[in-house]
Every structure is written in C-alpha cells, then in structure tokens.
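My notes follow in the order I looked things up.

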Amino acid sequence: MSSEHQVRPLGPGVQQALSRASVALLFLAAFLVGLYRVRLGIDLQDEGMYLSAPLRYALGDVPFRDEFLNPHRMFDIVLWPLFHFFADVTVLQLRLLWLGFQTVAALALYRLFRRFAPDELSALACVSPLYHANLIWTPGYHVMGTFGFVLAYSLWLGGCLSSRLRGQLGLGLASGLVFFAAALSYLPLLALGAVPGLVLITQLRSWPRIGGRGIATAAHLGTLLLLGCTTLWVFAQYSLFGDWWVAQERVLATLQYRTSVWEKTQAFVVGIAPSLPLVVLAGTLTFGLIRYARARGEFKSLRASAAGTILPALIVPAILLPLIHWRYAVGASQTPFMPHDNSLVVLAIALGLHLGALFLVRTRAPDDPANRDWWFSYFAMTAGALLLALLHGYLSQMVFKASFAMLPLFVPGVVLLYRALAKASAEPLPFVLAGAVCLAVGFGSYTVRSDHIYGDARTHLLTEAFTQPRLVGIRSTPTRVAQLDGIADYLSVRVERGERLLVVGQAPLVYFLTQTRPALDHSWTAPTISAQSRRLSLQKMISAQLVPRYLVRVRNFDRSRLGEKVVERLYPLHAFAAKRYSFEVDFGPMEIWRRRD
C-alpha cells in the first residue's frame with residue numbers, strides 16, 4: 001500500500017505481524033472447514049475403489065496382473081506403501097492426511113505469488129477455491145494429480161526465482177519428485193512436463209551461461225527422468241511390462257474408451273459451450289473494474305470518497321453471486337449430489353479474470369527483473385493449469401472435471417487483476433476489488449457441494465456415526481451405517497485378513513472394510529465393463545482356483561432402471577452367483593451369499 005494510506009501509529013513490525021496473523025487465520029479457517037467436511041459421508045463406488053485397489057497390493061496381489069483397471073492411473077501403486085506400512089489405516093486418517101497435503105500445496109502456491117501481491121490477498125486467493133476439486137475427499141487419481149501439480153509447479157517456479165544455488169537445486173529436485181508422483185497417479189499428466197521442457201530449451205540457448213531458471217528446471221526434469229528410468233527398470237525386473245500392456249488393452253476395449261479424437265472434441269465443445277458466455281461476462285466485469293480504476297484517478301470526488309471504493313466492491317458479488325446460486329440450483333436439480341454446472345461457472349469466472357486483465361495489461365515485460373519474474377511465473381502456472389483443465393475434462397469425457405484445475409488457474413488470475421488495478425489506481429481500491437472477486441468465487445467454491453455428499457446423501461441426513469473401526473469418525477445416514485456396520489461385523493468373524501471375497505455390484509468399499517482381496521482381476525465390477533471381459537475375468541478366477549467362500553451381492557440388478565446394455569454386462573456375474581452360491585443373510589440392499597461346497 002502507498003504511504004499516504006498506511007496507519008501511521010503502527011510500525012512496520014506491527015503491520016507485518018498483523019499481516020502474518022491474517023494469513024494464518026485465513027488458512028486456519030479453511031483447514032477447519034476441511035476438518036468438518038472430511039467426517040461427512042462415504043461413497044461405496046469410486047471411493048471404495050480408491051481404498052480397495054492399493055489394499056489388495058498390500059495384501060499380496062500384483063499390479064496389472066491382479067488389477068487391470070488402472071494402467072493409466074496408477075494412484076494405487078503410489079498409495080501402496082501407505083497401506084503396507086499402516087495396515088490399520090482408517091478412512092478418516094486417509095482424508096486427514098490428504099487434507100494436510102492440500103494445505104501444504106496451497107501454502108506453496110501462496111509463497112510463490114506473495115512476491116507479486118499483498119500477503120493477505122495472495123492467501124485469500126489460495127483459500128477461496130481450495131476445495132473446489134474435492135468431489136471425493138479420499139485421495140484418488142484426480143485430486144492426487146491436481147494437487148501434486150500445484151505443489152510441483154510451485155516448488156519448481158520457486159526454484160527458478162531463487163537467487164541461491166542451493167534453493168535452485170533443492171526446489172528443483174523436490175518439484176521433480178512431487179511431479180513424478182502426480183504423473184504416476186494419472187499418466188496423462190506427463191504432458192504437463194512440456195512447460196518446464198520449453199523453459200529449459202529457452203535457457204539452453206544461452207549455454208554455457210545458464211541462469212537460475214535453467215538450473216532449477218534441469219534439476220526438475222532430471223529428477224523426473226531419473227525416477228522414470230528407475231520405474232521402467234523395476235517394471236523390467238518384475239516382468240510387469242507385459243501385464244501393463246494387456247491391462248491397457250483390456251481397459252481400452254472393455255471400458256468403451258475407443259472414441260475418435262473428433263468425437264471426443266465434439267463432446268468436449270458441447271459440454272463446455274454453455275459456460276463460454278460466462279467467461280465473456282467475467283472478462284467484461286474484470287475489464288470494467290480496471291477501466292473504472294483508471295477513470296477514478298481522474299476524478300477527485302471519486303478518489304476521495306469511500307463510496308468510490310465500496311460501491312464497485314459491492315457490484316462484484318451482486319453480479320457473480322446470483323449467477324453462481326442460479327447455476328448451483330440448476331445443477332443440483334438435474335444431477336442430485338453432483339451439481340456440476342456450478343463447477344464450470346466458477347471455472348468460467350477464473351478464465352474471465354485472465355481475459356479481462358490481459359486485454360488491458362501490457363504483457364511484454366520491461367527490464368525490471370521483478371516484473372520479468374512475475375510474467376514468467378504467471379505464464380508458466382497459467383499454461384500448466386489450462387493444460388491440466390483440458391486433460392481432466394477432455395480425456396475423461398466429463399467436462400465438469402476441467403474445474404479440478406480451479407486453484408492453479410484462479411490464483412494467477414487474481415494476482416494479475418490486482419497488478420492491473422494497482423497500475424491504474426492507488427490503494428485500497430486494487431486490494432478491495434480483487435478481494436471482492438475472491439470472496440464471490442470462494443462462496444461458489446465452498447457451496448458447490450456443501451449440501452451434496454458424493455455417493456451418499458444430503459448433509460442434514462448424515463446423523464449417525466459408524467462403529468466399524470475402518471470408518472470410525474465418519475457420519476452417514478442411519479440406514480447406511482446399519483448396513484455397512486452389519487456387513488463388516490458379520491464377515492469379520494467368518495473371513496480372514498487377505499482372504500478372497502467377491503462383491504457383485506457397485507460396492508468395492510466392502511473389500512476395504514473386511515480387509516479382503518477381490519477374487520476377480522478388478523476391484524470394482526463397474527457396469528461399463530463388457531460381458532465378454534466379465535466372462536474372461538470369471539474364467540481366470542475359476543482356473544486359478546480363487547473362487548471365494550463368501551460373496552456380497554448388491555441388489556441393483558433392475559432392467560427398468562439400469563437398461564438392457566448394463567444388465568447384459570452384469571449378467572455373467574449374477575448368473576455365476578446364482579449357480580455357485582446360496583443366500584445366507586440380508587443387510588438392506590446388500591446380501592451375503594455362501595459358496596455351495
């Protein structure tokens with residue numbers, strides 16, 4: 001802030017202490033929200049797979065050979081050591097661990113961009129969309145890839161801006177390690193290595209006088225290359241290449257990913273198109289704020305009046321919040337517990353920040369080193385975030401997943417807006433207007449799924465706590481608690497840890513609760529797997545003499561609800577269950593069957 005607006009009685013030390021306290025309170029408030037949210041709900045399907053796939057490796061199974069579903073998203077291999085060394089880990093502990101990792105990633109992003117904007121604004125920008133990607137709070141491939149990217153890029157860019165060789169090498173090595181884990185969790189994210197690659201190429205043009213950016217980038221890419229080669233060597237030593245290739249072919253064949261590039265592009269454009277006008281609207285709003293800041297400097301009445309700052313700050317949420325709320329209501333009514341539309345609205349606002357500000361800010365960096373550092377950090381982080389959004393939304397053919405890149409896309413946009421406003425007008429207008437945008441977007445991010453727990457029920461219905469040790473500390477509906485506690489208690493005295501179990505239906509979480517291994521070569525009997533591949537898995541299980549003593553059947557075999565194609569894919573499992581097993585006990589929508597010996 002300029003000296004004329006500073007509170008004179010406060011010394012620099014006191015102001016710095018207040019600034020640090022404000023930043024700490026912002027991150028603490030966000031962390032407390034996370035602590036509240038991690039205790040709510042449990043998903044039997046996606047979250048169940050995130051838990052059961054790495055568990056089966058800790059219990060003795062082999063990647064790809066025993067689990068073919070994840071050759072391009074090896075999050076289960078990354079989590080494998082955790083399940084191996086902490087055999088009694090619970091869902092709440094995993095969620096808390098992931099909450100801590102997210103907080104560290106956000107803090108690293110804050111430390112990077114606090115160089116270019118006030119501390120409080122940088123912290124607010126990082127906190128506002130922090131949980132936007134948390135459709136599921138247990139670590140899985142999407143969030144591991146997203147926040148791994150955020151932490152890796154923040155460390156890498158911090159190394160590039162460091163003036164000391166130790167910082168350049170240390171941060172470069174650390175960023176390479178984190179990025180490798182993120183890319184291993186979701187292999188398509190290897191494409192994000194293109195940005196550091198381009199930076200290294202530009203730095204090598206001045207060889208042998210390579211600067212700090214070149215050293216940090218070389219350390220980053222060198223670590224990534226070393227870890228990649230080590231992984232390939234391990235694969236060769238344990239003959240995993242053939243199993244990986246077979247698993248990849250089965251995924252492409254059975255999960256119906258064989259769509260042309262043109263078909264994928266069409267689906268992506270159609271999905272993202274409704275949000276494009278919102279990008280223009282947000283860009284226009286940003287453009288108007290900057291133009292107002294420039295005009296305000298020419299009118300003494302506006303410059304001297306508090307209304308000249310307060311009124312435009314009120315206009316921002318007045319425009320954005322009704323739009324966010326409306327799209328949130330529409331998304332919630334169309335897709336219960338998954339209001340995707342609001343995700344894209346908030347993402348559109350983030351994109352609009354960049355477009356509106358860049359239209360008025362000169363992007364060519366002058367000779368000022370600090371300004372060059374800003375533009376380098378801005379373009380590198382923004383380019384990586386846009387590529388991350390494209391990979392999430394395009395490859396998955398679920399466009400709303402592009403919003404998982406909200407955090408690394410939003411923070412550079414807010415700082416860009418602040419710097420554009422700061423060039424046009426004196427404080428506190430730039431800080432107040434950029435902060436108003438953060439608060440509006442933060443409202444959208446924190447309400448996007450506040451009442452919709454993925455795979456469970458609305459928050460006011462989650463009134464019962466689990467007694468099952470693996471789910472201690474988690475609350476769900478009384479019906480689900482009785483169901484899962486009953487199944488876990490019943491099987492815990494009948495099956496041993498590591499024994500085979502077969503879950504027919506969409507509930508792989510049962511493997512984690514009972515500490516058993518799937519009898520099939522996939523943890524999740526997803527309805528997208530073809531009937532032919534299903535029969536292949538059954539034959540493989542029978543020939544290996546892995547037919548389990550117990551089977552859990554989920555009663556969702558309804559032709560009218562699932563459709564004939566899905567029923568056809570699930571039929572081999574249900575036919576096998578009816579032929580080999582006898583009904584034993586009923587737990588709501590789940591049944592336990594015992595093998596006929």
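Is R213 buried, partly exposed or exposed? I get partly exposed for R213, with a relative accessible area of 23%. My scale is relative accessible area: buried is under 20%, exposed is over 50%, and partly exposed is in between (1.4 Å probe, protein chains only).

Ground rules before going on. This is a predicted model, where local features need pLDDT of at least 70, side-chain atom pairs count only at pLDDT 80 or more, and totals for chains, interfaces and linings use all residues. Residues are numbered from 1 along each chain as its sequence is written, and side-chain values use heavy atoms, with hydrogens and water left out.

**Entry: salt bridges**

I searched the whole structure and got 14 salt bridges. The cut-off is a side-chain nitrogen of Lys or Arg within 4 Å of a carboxyl oxygen of Asp or Glu.

R213 has a partner in D373, and the closest N and O atoms are 3.4 Å apart. D373 sits in helix α16 (residues 369-395) and R213 in helix α9 (residues 212-237), so this pair ties together parts 160 residues apart in sequence. I use DSSP runs here, numbered from the N terminus: helices are H or I with at least four residues, strands are E with at least two. D373 is also partly exposed, at 24% relative accessibility.

Next I looked at R517, which forms a salt bridge with D61, closest N and O atoms 3.0 Å apart. That pair links distant parts of the chain: R517 is in strand β4 and D61 is in the loop between α2 and α3 (75-85), 456 residues apart. Both ends are buried: R517 has a relative accessible area of 18%, and D61 comes out at 3%.

Then R480 with D456, where the closest N and O atoms are 3.9 Å apart. R480 is in helix α19 (residues 478-492) and D456 in the loop between α18 (429-447) and β1 (464-465), 24 residues apart. I get 17% relative accessible area for R480, so R480 is buried; D456 is buried too, at 11%. I also found salt bridges with shared partners that join R56, D61, E67, R500 and R517 into one network.

**Entry: D43**

D43 lies in the loop between α1 (12-37) and α2 (46-58). The side chain of D43 reaches the backbone nitrogen of E47 at 3.0 Å. Leaving out residues up to four places away in sequence, D43 touches G48, I136, Y454, G455 and L509; contact means heavy atoms within 4.5 Å.

**Entry: the sheet**

I traced an open sheet of 5 strands in the order β4-β3-β5-β7-β6, with mixed pairing. β4 (517-518) and β6 (581-587) are at the edges with a single partner strand each, so one side of each has no neighbour in the sheet. Pairing requires at least two DSSP bridges between two strands.

β3 (residues 500-504) has 5 of its 5 residues buried, so the strand is largely enclosed by the rest of the structure. R500, L502 and V504 cover one side, L501 and V503 the other. β3 and β4 run parallel with 2 bridges, and R500 stands opposite R517. On β5 (residues 550-554), β3 pairs in the parallel sense over 3 bridges, with V503 partnered by V552.

β5 and β7 (residues 590-595) pair in the antiparallel sense over 5 bridges, where L551 stands opposite W593. β6 and β7 are antiparallel as well, over 6 bridges, with D586 opposite E591. In their hairpin, which has 2 residues between the strands, G588 takes a positive phi near 65°.

Last stop was E584, in strand β6. I logged E584 as partly exposed, at 29% relative accessibility. R594 is among the residues that E584 touches, and the two are 6.3 Å apart, C-alpha to C-alpha.

Notes. A polar contact is a pair of N or O atoms within 3.5 Å; within protein, one must be able to donate a hydrogen and the other to accept it, and residues adjacent in sequence count only if both atoms are side-chain atoms.
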